[in-house]
Amino acid sequence: MDFMSALDIGSSGLKAQRSHLNVISMNLANIRTTRTMEGGPYRRKSVSFESSPVYSPFDKAMQDASNRDLHGVRVNGVTVDQRPFKEVFDPNHPDANDQGYVYYPDINVVEEMTNMMTAMRGYEANVQTIQTVKNMFNKALTIGQ
Amino acid sequence: MKEMFGTHINVTAKVLDLRLERQNLVMGNIANANTPEYKPRKLEFEDQLQTALALNMKGKLTKTDKMHMPAAFDPNGFQGDELKEFKPRYVYGEDSVDMEKEVAAMAKNNLMYNALTSVIKKNFTGLEKIISEGAK
C-alpha cells in the first residue's frame with residue numbers, strides 16, 4: 001500500500017464520473033433525435049459502475065488483507081434504457097408514421113440534470129481526495145528537511 | 001538516553017503508515033460513491049495502538065518492584081483492523097457511501113498526518129540543536 005495506489009484509486013473515480021457525464025450530455029444532446037444508426041429514435045443510455053480491485057491477483061496474493069480489499073471504480077458498460085418512446089402528433093415531420101405520429105426519446109431533463117449534479121459532485125470529491133493525499137505526501141517530504 | 005532515537009519516533013512512523021492506509025481506504029470509498037452494492041471499508045487502529053502501548057482502560061502496566069522488567073514497546077507489534085460494513089447502504093439504487101462521513105474522516109486523517117510529520121521534524125531539530133550546541 002503506497003501513495004501511488006491512492007492516486008490510482010482517485011483517478012479511477014475521476015474517470016468513472018467523467019464517463020457518466022459524457023453519457024448524460026449525450027442523452028441531453030439527443031433529446032429530440034428521431035434517427036439513429038441502429039434505426040428508430042435515440043434510446044436513453046446510462047452507465048453502470050463496478051468496484052474493481054486496485055492490485056493484480058498476483059500482487060494481491062503477495063500482500064496483506066487490507067490491500068486485497070482496496071477497491072477502485074470501473075465503468076462496467078453503457079446500458080440502453082428500454083423505456084417506451086414519447087408519441088407526438090406532428091404530420092409534417094419527415095419521420096412521422098402513417099397516422100402522423102412521431103416517436104421521440106423519453107428523456108427527462110430534470111432527471112438528467114440531477115444525474116449531472118451527482119456526477120459533478122462525485123468528481124469534485126475525488127479531486128479533494130487526490131489533493132489531500134498530495135498534501136500528505138508533501139508533508140512527508142518535509143520530514144527530511 | 002540509551003540510544004540516539006527514542007522508540008517514540010518508531011511509533012510515529014508506524015502511525016503515519018496506518019494513516020496513509022486509512023487515506024487509501026477512504027479514497028476507495030469516495031471513488032465508489034456511485035457504485036451500487038459497494039460496501040464501504042474503514043480502518044481502525046487507535047484501540048490497538050493504545051493496547052500496544054499498554055495504556056488501555058486498565059491503565060499503565062504497573063511495576064510493583066524495582067526488579068520488574070520494563071515492558072519494551074514494539075512498534076510493529078500491532079496493526080490496523082480493516083472493517084467492512086455488514087450490509088451496503090442502499091438508497092435509490094446507488095448510494096452506498098456516506099459521503100459526509102468519508103470526507104470528515106479524510107480531513108481528520110490529513111490533519112493528524114500533518115501533525116505527526118511536525119512531531120517527527122521537531123524530533124530531528126531537537127537532536128540537531130543538541131549536537132550543534134555540544135560541539136561549541
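Start by selecting A:Leu141: this residue sits in helix α4 of chain A, residues 109-142. Helices here are DSSP runs of H or I with at least four residues, strands are E runs of at least two, and both are numbered from the N terminus. Before going further, note that this is a predicted model, in which local features need pLDDT of at least 70 and side-chain atom pairs count only at pLDDT 80 or more, while totals for chains, interfaces and linings use all residues. Residues are numbered from 1 along each chain as its sequence is written, chains are lettered from A in the order in which they are written, and side-chain values use heavy atoms, with hydrogens and water left out.

With A:Leu141 they make a nonpolar surface patch, and together the three have about 280 Å² of accessible area. (Patch members have over 30% relative accessible area and no salt bridge, and nonpolar side chains are joined within 5 Å; the areas are Shrake-Rupley values with a 1.4 Å probe, and only the protein chains shown count as cover.)

Stay on α4 and pick A:Glu111. Its side chain meets that of A:Arg44 in a salt bridge, 3.3 Å from N to O. The two are 67 residues apart, with A:Arg44 in the loop between α1 (3-29) and β1 (45-53) of chain A and A:Glu111 in helix α4. Over all chains, the structure holds eleven salt bridges (a Lys or Arg side-chain nitrogen within 4 Å of an Asp or Glu carboxyl oxygen).

Next, colour by annotation. The unreviewed UniProt entry puts "Flagellar basal body rod protein N-terminal" on residues 7-34 of chain A, a span that is 82% helix and 0% strand, with its end C-alpha atoms 42 Å apart. UniProt also lists "Flagellar basal-body/hook protein C-terminal" at residues 99-142 of chain A, again from an unreviewed entry; here the end C-alpha atoms lie 75 Å apart, and the span is 77% helix and 9% strand. Such annotations may be inferred rather than shown by experiment.

Last stop: show chain B against chain A. How many residues does each chain bring to the contact? Chain B gives 29 and chain A gives 34, counting heavy atoms within 4.5 Å. On the chain B side, select B:Asn24, B:Met27 and B:Asn34, which lose the most area to chain A, together 21% of what that side buries.

Conventions: Patches are made of residues with over 30% relative accessible area and no salt bridge: like charges are joined within 9 Å, nonpolar side chains (Val, Leu, Ile, Met, Phe, Trp, Tyr) within 5 Å. Buried area is the accessible area (1.4 Å probe) that two parts lose on being put together, summed over both.
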